Structures are given as C-alpha cells and as structure tokens.
Amino acid sequence: GLGDVYKRQELARDAGHGMFAAIITLNVAGSDHCLGNYEQAHDRLEEARSRYREARLPEADVSFLSGYIALSSGNRGRARSDFRDALERYLDEGSPDVGHALLGLADLALSDGRETEASTLFGCTYTQMPGMAPETGDLPMGYVLDREEACREARASLGEAAWDSALVAGREMTLDEAVAFAKASSPLSRE
C-alpha cells in the first residue's frame, strides 16, 4: 500500500545524495501530502527545495507540489503564487510538463468556485498533456482526490452545456493562448 511506498521512499531518501536524494525527497513530500500529513509534507518540501538547489535541478516540480500543499492547507494565495511560479518555470525550462501547472490552476479555480475558468483550464491541460484527459482512462491519482466529485458539482452548478463549452474552448487553445488565459484567470493579486 501507500504506507509501504512511503517507507521505501523514506529509506531511499536517507541513503541518497545529489539529484537522486532531491527527487526522492520531493516524492516523500508528495506521499506525506497524499496521506494528509500536511505539516510534514511542508517540512519535507522545504528539504526537497534545498536539495534541488544544491543539485542545481530545475524547481518547477517543487513549486507545483508546494501549490497543492498550500491548496490543501487552505492557503489559496500561496497556492496561486506557487502554481503561477511552476507555470513560469516549466515554460522557462521548455518542459512538456507545463500541463501540470495548468492542472494546478484548474484545481484552484474549481476550489474557488470559478467553474467556467476551471473547465477551460482543464481543457487546456488535456490539450497540453493528452494522457491526462478523462477519456484516455489514464488519469494520474493527482493531489486532489475529490476532483471528480468537485467537477460533477461544478458541472451541475454551471450547467452541462456551459461546462462542456468552456472545456472545448480550453482544448482548442494553443499553448500561448492557454498560458495567457491561465495568467488572466489567476492573477497574483486575488485573495
């Protein structure tokens, strides 16, 4: 189970050095988050951030996970800032994982009750990372375990046609359009 994975990651992290230790530490922080150990996840995330810097690794994934830890802890302002930082870092790195940051911003919009923006951002995510689209059946567990239920509620609140229209609009966006939409829908000045 997840507890066994967590223990193995913990042992590997303690034994590792450099790049390997940085990546494992980030994975352990992610496991802590999935287990609901948010304070411990935050502490490990800061350790991972330090290890990433020491190993001179790109920090987009650290910002991405930091966004989910902040969102789970109710700190929406920090989550927004972290997801925006992840977006910028993925873009600067030329990473194909830019969809991860779009997904984080979609989850933030969903949790804020901004259904249209959430649906559009999910569409953007599915275009940038087709393997994450619901119809592929290959969705990662993710950090928002109740995303499916939240999407059902948002779809019901917004209406099927409006939700689907926003989703299609997001799917039709280019990367540049998706990034511009994400930045406009998630300004750093929001509370």
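Is Phe122 buried or exposed, and what is its relative accessible area? Phe122 is buried, with a relative accessible area of 1%; buried means under 20%, exposed over 50% and partly exposed in between, using a 1.4 Å probe and protein chains only.

**View 1. The whole chain, a predicted model.** This is a predicted model, in which local features need pLDDT of at least 70, side-chain atom pairs count only at pLDDT 80 or more, and totals for chains, interfaces and linings use all residues. Residues are numbered from 1 along each chain as its sequence is written, and side-chain values use heavy atoms, with hydrogens and water left out. The protein chain has 10 helices and 0 strands; helices (H or I, at least four residues) and strands (E, at least two) are DSSP runs numbered from the N terminus. Of its 191 residues, 43% count as buried. The chain exposes about 9300 Å², of which carbon and sulfur atoms supply 52%; the area comes from the Shrake-Rupley method with a 1.4 Å probe. Among contacts (heavy atoms within 4.5 Å) between residues at least 6 apart in sequence, 63% join residues at least 24 apart.

**View 2. Confidence along the chain.** The average pLDDT, the predictor's confidence in each residue from 0 to 100, is 83 for the protein chain, and 82% of the residues score at least 70. Over residues 137–141 pLDDT stays under 50, and the model has 7 contacts beyond four places in sequence for this stretch.

**View 3. The largest nonpolar core.** A nonpolar core is a set of buried Ala, Val, Leu, Ile, Met, Phe, Trp, Tyr and Cys residues joined through side-chain atoms within 4.5 Å. The largest one here has 34 residues, and Phe83, Leu87 and Phe122 touch the most other members. Helices that each supply at least two residues of this core include H4 (60–72), H5 (76–93), H7 (115–128) and H9 (160–171). Helix H6 gives the largest share, 9 residues. A second, separate core has 11 residues, among them Ala29, Ala41, Leu57 and Leu65. In soluble globular proteins, nonpolar side chains tend to be buried together.

**View 4. Surroundings of Phe122.** Neighbours within four places in sequence aside, Phe122 is in contact with Leu103, Ala106, Asp107, Leu110, Arg147, Cys151, Trp163 and Leu167.

**View 5. Aromatic pairs.** Rings of Phe, Tyr and Trp (its six-membered ring) pair if their centres lie within 6.5 Å; planes under 30 degrees apart count as stacked, over 60 as edge-to-face and the rest as tilted. The whole structure holds 5 aromatic pairs. One of them is the stacked pair of Phe122 and Tyr126, at 6.2 Å centre to centre with 15 degrees between the planes. These two residues are about one helical turn apart, because they lie 4 residues apart in helix H7. Phe122 and Tyr126 are both buried. The rings of Phe122 and Trp163 have centres 6.4 Å apart and planes at 45 degrees, so this pair is tilted. Because Phe122 lies in helix H7 and Trp163 in helix H9, the pair ties together parts that are 41 residues apart in sequence. Trp163 counts as buried, at 3% relative accessibility. Phe64, Tyr68 and Phe83 form one aromatic cluster.

**View 6. Ser185 in helix H10.** Ser185 is part of helix H10 (residues 175–185). Ser185 counts as buried, at 3% relative accessibility. A polar atom of the Ser185 side chain lies 3.3 Å from the backbone oxygen of Ala182.

Technical notes. A polar contact is a pair of N or O atoms within 3.5 Å; within protein, one must be able to donate a hydrogen and the other to accept it, and residues adjacent in sequence count only if both atoms are side-chain atoms.
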